[in-house]
Amino acid sequence: MSKICSKCGSTNFDSATICSRCGSLFNDGAYSVGNTAGAVSSKTAKEEKKSIERSSKILVIAIVSIVVIIIGLVITLLVTQLSGHNDTGTGVEKAQVNSATQQEETSLSKPDILASYNDTDAEEAQNIEGFVPVVSLTPSTEHLELKENETQLVYVTLEPDGATNKKVYWEADDSSVINIDFDAESGECTVTGLTEGKTVLWAEAAGINFQGERVYTYITIEVIKGLEPVYPEESYIGDFDVNVKTFLSMRTGPSTEYEEIAQIQDGETVEAYAYEYDDTNTMWYFVKWGSKVGWVHADYLTESNADGYDEDYEEYGDYDIYE
């Protein structure tokens with residue numbers, strides 16, 4: 001029998017106490033008993049086995065970690081998609097909406113309104129001690145629909161209320177579609193539809209914001225055709241006095257839905273030639289007032305002369321003008 005050194009693997013006599021090659025002591029059991037034909041130390045085999053086991057554990061841990069990461073990514077993706085559906089649609093739909101909005105905003109060209117009015121107060125206000133800039137302008141409506149010759153009032157709310165310069169100027173992209181009349185101090189603007197079409201009404205604050213920039217907002221406007229005038233068969237009814245606190249609107253038809261063509265003051269006298277009722281069972285008279293004819297609300301007329309017959313009239317254009 002022989003002793004095989006577990007450190008260098010050399011063969012020694014059975015009676016040897018130290019390795020003849022590396023000098024290792026055999027009294028601590030650092031050897032194995034065997035023949036000289038390539039015996040392998042039992043300790044070395046155990047170490048190799050332990051090394052393999054450690055490598056296997058490390059590989060398993062790595063694989064598990066990769067699987068956990070993949071599962072986490074899948075869960076995150078699913079949550080993101082579900083959130084998109086609960087909001088305003090899928091990611092594709094959102095992108096389409098955002099793209100359309102950006103294109104619409106890009107197509108609007110902001111006008112330099114202040115340059116048109118040469119407002120020196122706007123420049124001087126910026127040099128006032130304690131200057132408070134404008135933060136925002138909010139329109140009373142984002143979209144306005146008007147009939148031809150119809151008038152409506154719009155306005156903006158300026159923030160903060162304590163801004164140094166609170167003037168607001170207005171301008172229409174297409175002045176052939178609407179006519180505007182505004183008060184810069186109050187921020188109000190009267191809009192009248194002229195012809196069928198679409199345009200944008202801009203409002204610009206005279207004061208600047210924190211970045212020293214102008215503050216804008218806008219209202220999209222569409223003007224549509226009004227109702228066609230109503231022409232009744234005439235037969236003189238009588239004279240009526242107008243009894244109102246302000247004025248009585250004369251319209252092209254027997255309803256407030258029709259275009260206003262004149263404003264008759266209190267105390268004026270009109271000649272009535274026909275009457276009709278609207279959908280609310282309200283009575284309207286077709287009257288002559290000066291050179292104009294149209295429909296007025298019967299509740300604001302007081303009969304002054306029911307006798308006689310006016311034969312002195314002639315047709316003129318689309319209207320019957322009584323003289």
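This is a predicted model: local features need pLDDT of at least 70, side-chain atom pairs count only at pLDDT 80 or more; totals for chains, interfaces and linings use all residues.

User: Why is cysteine 19 called buried?
Analyst: Cysteine 19 has 2% relative accessibility, and the cut-off is under 20%, so cysteine 19 counts as buried.

User: What makes cysteine 189 buried or exposed?
Analyst: Its relative accessible area is 0%. The limit for buried is under 20%, therefore cysteine 189 is buried.

User: How many disulfides does the structure hold?
Analyst: There are 0 disulfides. To count, a pair of cysteine sulfur atoms has to be within 2.5 Å.

User: Which residues of the largest nonpolar core touch the most other members?
Analyst: Those are Val154, Trp170, Ile178, Val191, Leu201 and Ile221, out of 22 residues in that core. At least two residues each come from β5, β6, β7, β9, β10 and β11, and β11 gives the most, with 4.

User: What is isoleucine 221 in contact with, leaving aside neighbours within four places in sequence?
Analyst: Its partners include His143, Leu144, Leu146, Ile178, Val191 and Leu201. Another core, of 14 residues, lies apart from the largest one, and Val242, Leu248, Met250 and Ala272 are among its members.

User: What is the mean pLDDT of the chain, and where is pLDDT below 50?
Analyst: The mean is 77, with 73% of residues at 70 or more. Residues 34-41 are below 50, and that stretch has 10 contacts beyond near neighbours in sequence. Residues 84-106 are below 50 too, with 8 such contacts.

How values were computed. Residues are numbered from 1 along each chain as its sequence is written. Side-chain values use heavy atoms; hydrogens and water are left out. Buried means under 20% relative accessible area, exposed over 50%, partly exposed in between (1.4 Å probe, protein chains only). A nonpolar core is a set of buried Ala, Val, Leu, Ile, Met, Phe, Trp, Tyr and Cys residues joined through side-chain atoms within 4.5 Å. Contact means heavy atoms within 4.5 Å. pLDDT is the predictor's confidence in each residue, from 0 to 100.
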